[in-house]
Amino acid sequence: MITDTVASRAVYELAQEVSAGLSKRGQKELPAKCFYDEVGSALFEAISHLPEYGLTRADEWIIRRHARSIEARVPKPLMVAELGCGSGRKTRWLLEALSRSQPLAYHPIEISASALAMCKRELDDIHSVRIVGHESEYLDGLLEVAARRPPQQHILVLFLGSTIGNFDRSMGAQFLQQVRRILRPGDALLLGADLEKPAPQLLCAYDDPLGVTAAFNLNVLARLNRELDADFHLDQFRHLVRYNQVERRIEMHLLSTVDQIVTIPGAHLTAMFHAGETIWTESSHKYNLPEVVQMVQRSGFRCDQQWVEEEWGFAESLSIAE
Ligand code: AVI
């Protein structure tokens with residue numbers, strides 16, 4: 001019964017987002033969080049194994065290699081909240097290191113029920129870690145975690161995988177400010193950020209020859225067909241990737257190859273597309289190290305340490321709330 005209510009609220013929110021994004025004048029948009037239904041989460045997991053997409057492996061490498069140094073620098077006693085846990089694979093290294101010295105409560109926060117279930121399955125066997133999942137938006141989930149915080153405990157927020165890059169730069173900083181407001185001085189944030197790299201490398205990573213990222217992108221339309229009864233013809237849209245030099249970000253679009261009209265009954269919407277028109281589905285911003293330090297500082301944190309994976313180009317930054 002409760003699950004039904006959660007599911008129907010999720011469909012309602014999806015309909016709202018879709019209606020707002022596709023009825024925009026000018027550039028039509030769908031928010032990147034629409035990617036992550038069960039199929040989308042599985043496709044993202046497949047992307048993370050592609051040779052062209054080194055981001056997830058670089059992130060996991062840093063955590064695996066430096067888990068003990070991270071453990072040594074975080075405040076204690078603590079509980080861990082993770083914004084968007086994905087499969088949970090890379091978090092294992094950290095939870096194992098953190099739970100050596102104390103029993104640990106781990107709160108993964110996910111909008112995707114299937115990713116949450118995958119993460120719980122993956123991490124279920126770690127001794128001394130109690131997993132309390134939150135199927136919700138990041139800030140709502142973090143508020144729930146903060147409300148359950150025992151006196152004297154710190155919170156370590158994990159925001160890994162460069163999900164920050166899917167926000168516009170200014171929105172990313174605003175989001176971190178909101179995270180900071182929920183925390184107390186002395187709490188910690190571990191933030192993963194993908195670093196700038198040559199455009200051809202990025203274009204390959206987001207338009208892989210196997211077509212997995214294309215399927216991930218197109219799945220958003222398939223999802224609207226499944227959940228909102230829409231009638232998108234997937235063969236009349238094409239995956240399109242651009243690198244925006246000025247904004248230093250990858251942009252993913254779905255390009256309509258013909259003039260067409262699509263109905264989306266679940267969002268009470270009819271949308272017209274001209275041939276060549278696109279739906280902007282994702283931005284993935286790339287950073288440099290000083291920029292990450294500035295961003296966390298502007299959000300009320302002090303950057304304590306950065307760890308870098310040089311081969312792909314990824315940074316993990318540990319910051320303390322001031
Ligand atoms: C989840 N996020 C950080 C990924 C990224 O690289 O922006 C999502 C993704 N999109 C295409 N490939 C991977």
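A polar contact is a pair of N or O atoms within 3.5 Å; within protein, one must be able to donate a hydrogen and the other to accept it, and residues adjacent in sequence count only if both atoms are side-chain atoms. The model is predicted, with pLDDT of at least 70 needed for local features and 80 or more for side-chain atom pairs, while totals for chains, interfaces and linings use all residues. Residues are numbered from 1 along each chain as its sequence is written, and side-chain values use heavy atoms, without hydrogens and water.

View 1. An N or O atom in the side chain of Asn166 is 2.9 Å from an oxygen atom of the ligand. Tyr53 places a polar side-chain atom 2.5 Å from a ligand oxygen, and Glu282 has one 2.7 Å from a ligand nitrogen. On its own the ligand has 340 Å² of accessible area (Shrake-Rupley method, 1.4 Å probe), of which the protein covers 97%.

**View 2. The shell around the ligand.** The ligand is surrounded by 15 residues (a heavy atom within 4 Å), and Tyr206 and Ser284 are among the closest. Helix 2, helix 9 and strand 12 (278-285) each supply at least two shell residues. Helices (H or I, at least four residues) and strands (E, at least two) are DSSP runs, numbered from the N terminus.

**View 3. The buried face of helix 2.** In helix 2 (residues 38-47), Gly40, Ser41, Leu43 and Ile47 are buried, meaning under 20% relative accessible area (1.4 Å probe, protein chains only). Down the helix axis these residues fall within an arc of 160 degrees, so they line one face; the arc is taken from the directions from the axis to the C-beta atoms.

How values were computed:
Buried means under 20% relative accessible area, exposed over 50%, partly exposed in between (1.4 Å probe, protein chains only).
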